[in-house]
Amino acid sequence: MYSYQFGIPALDEQLGGLVSGANVLILAPPLSGAERIAYNLSFPAKGEYCVLLSADERAAEVANYFKLNGTERRSLAIIDAITKSDAPNVPDTERMKFIASPVDLTGISIKMSKVFSGIVDESLKNPTPGVFPPPIRFCINSLSTFLMYRKLEVMYQFLHVISAKLKKNEWIGFYVLNNESFDARTISVIKQLMNGVVEVREGEKSFELRVIGLGGRMTPWLPYTFDPNGKLVVEG
Amino acid sequence: MIYTGIDALDGLLEGGVQDGSQVLFAIEPEADGQHFMITMLHTAVVAGKKTLVVAPFTRKDAYLVEVAAQSRYHLDCYKDLIWYIDMTEVETITESHPDPEGRKQVWIDRIQNLVNQEKIEVIFVYLDLLSDQFGFDGAVSIFQTKQFDHPVTVIFEYFNLFGTEMLDTLIDETPFNLVVTLHAGSGIVSFFNFFSIHTVSWLSLPSRSLPYVATEGHIIPYIPKIVVTGPPDTGKSTFVRNVSEAGMSVDRLGLLGTPTTVALDIGHMASKGFDINIYGTPGQERFDPIIPQLARNAMGVILMVDVTRPDLMPRARELKGIVEGNTVVPIIVVANKADLTYSVTEEMIRSELQIRDDTPVFFISAIERKQCRDVINSMVDQITKFSF
Ligand SMILES: Nc1nc2c(ncn2[C@@H]2O[C@H](COP(=O)(O)OP(=O)(O)O)[C@@H](O)[C@H]2O)c(=O)[nH]1
């Protein structure tokens, strides 16, 4: 079984990476840089891919952030549910697909499926065979936004279908949720689908994170910052 | 009558959809199924029908661009025929009526007034957000046809995340005249999608999953494999060659990894709106071990016998057993070379081959293209319409 690394030394040392099929919730207050934590965890390692569903940040900006941090273009695919609402003519490409709004889960599902099968197809044609199916880090930024548009039950079911697919293919998923905009019930329903949570709080000097539930262990609270390129730096 | 615009589906429905019907396209996760409704919308406006599109997930301009990009249909050419209720209006209604009951009444009035005033004949509704707000049955009830002063056909698209059982429950509570479900193949790379007619009120049709591909936004129903088998020299190659469309190639595929390289006839044709691949299997006994693999996933089997060679019937029966394995697929028996003198009768063939009473037996001459095509047309009916 393929095993994923966090790509963050402090976390990999403590937890020894992530099991494939895992779903990880990033539960964070506003202004804590939650989406950047999610992006950092989603950076594809060599031979991996990242598929990102964005309702919060435009594909062009996301792509730029990944590029600054060394992600190759072919390794990143984005399904963007915001750009099209004010730029209706934006065309789909193989790696960037645009959806009219976060309401359109049907369109998202189809385009995600095309992106996934495009990546799998490509890896089949690759002359230097790697792991099959190719390892993919999937990320939604953010569940908070989707939950503003669609009912909790619908989003739950949507995530349930996605996590079955991730599990089957030994992929992993990261999901950003703002912990201050939703009631306890919403958060606990979403947590049911998760294998682990990255919790974020405001510490004394800076924001801090801890990882719970992956591999049965819990890290202590670890202060973090971002370097000028936006790379996550965790102390500890 | 309103056509779906997909020939194979219109054929199965014996024309199309009656005016005043309520139709549901239920799309399961990952199925490339949005083209069904879009094709139907396009077909309706081309036929000059006044239509209303209710699309709460998008703004009108983005919708038009998406339809043009996905399906190559330029709906903006039909400005005078299409009315839209898009995200902008939906948001206004939602914001100004926070109470769901009051809001639902606003919707009912809005739809009724618009449809009656403009004499709209067909409504296309994306249920997504409306079913979040009012429940599935509540959302559908906004478009109840009896509130209109003329017949109105309503076509709904629903993204069914909740599985087939849930869909059955929803449909029990809210009946439709036609329900078509769209689902994706189960592999990592799912080449085919499937459609199935779940319910149809004016016909009796078995619910059968039929593959399709969506290329360039067009739905092409597909029968990926019909197998033609039978003893050597009964006319299988002749048949496959003669059903194949002019301009479509007949491949002779060399299959390696067998004791002797096998030459396999593959023909391509269209019948009743389906694109079809036809595979002729070799008939010699030494190839028997590979036949189950050739026949795997076949949607139909044509068993060919030579009317001048009654002595080969036992061999034909043996091949039938090998091809069928333990699956149930429709079979047609072709008694070939009926242009020559022969003495076998249909009864003899039936008893020698031990086929079911409802399995058709056609006496043909594979030299005649038309007779070959008739066999395939009948095979498509067997695959799509008959219980077996
Ligand atoms: N008279 C007559 N000959 C036929 C007919 N169909 C095929 N044949 C001939 O039968 C021979 C065997 O046909 P072929 O298609 O190669 O048989 P296969 O081995 O089953 O593929 C050829 O000489 C054909 O021309 C038919 O309907 N009538």
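In this predicted model, 11 residue pairs are in polar contact between chain B and chain A, both partners at pLDDT 80 or more. On the side of chain B that touches chain A, three elements each supply at least two residues: helix H3 (60-71), helix H6 (128-141) and strand E5 (153-159). H3(B) gives the most to that side, with five residues.

Salt bridges also cross the interface of chain B and chain A; the rule finds five. One of them joins the side chains of A:Arg150 and B:Asp132, at 2.7 Å from N to O.

The size of an interface is often given as the accessible area lost when the parts come together. Here are the values for chain B and chain A.

| Interface item | Value |
|---|---|
| Area buried between chain B and chain A | about 2,700 Å² |
| Share of that area from carbon and sulfur atoms | 59% |
| Residues in the contact from chain B | 27 residues |
| Residues in the contact from chain A | 34 residues |

The largest nonpolar core has 188 residues. B:Leu24, B:Ile111, B:Ile123 and B:Phe239 have the most contacts inside it. Domain 1 (7-216) and domain 2 (223-384) of chain B both give residues to this core, so it lies between them.

What does B:Phe239 touch, leaving out residues up to four places away in sequence? Its contacts are B:Val228, B:Ile302, B:Met304, B:Ile364, B:Ala366, B:Cys372, B:Val375 and B:Ile376.

Notes:
Residues numbered from 1 in each chain as written. Chains lettered and ligands numbered in written order. Predicted model: local features only at pLDDT ≥ 70, side-chain atom pairs only at ≥ 80, totals over all residues. Heavy atoms only, no water. Core = buried A, V, L, I, M, F, W, Y, C linked by side-chain atoms within 4.5 Å. Buried < 20%, exposed > 50% of the residue type's maximum accessible area, 1.4 Å probe, protein only. Domains from an automatic or database assignment. Contact = heavy atoms within 4.5 Å. Buried area = accessible area lost by both parts, 1.4 Å probe. Salt bridge = Lys/Arg side-chain N within 4 Å of Asp/Glu carboxyl O. Polar contact = N/O pair within 3.5 Å; in protein donor to acceptor, adjacent residues only side chain to side chain. Helix = DSSP H or I, 4+ residues; strand = E, 2+ residues; numbered from the N terminus.
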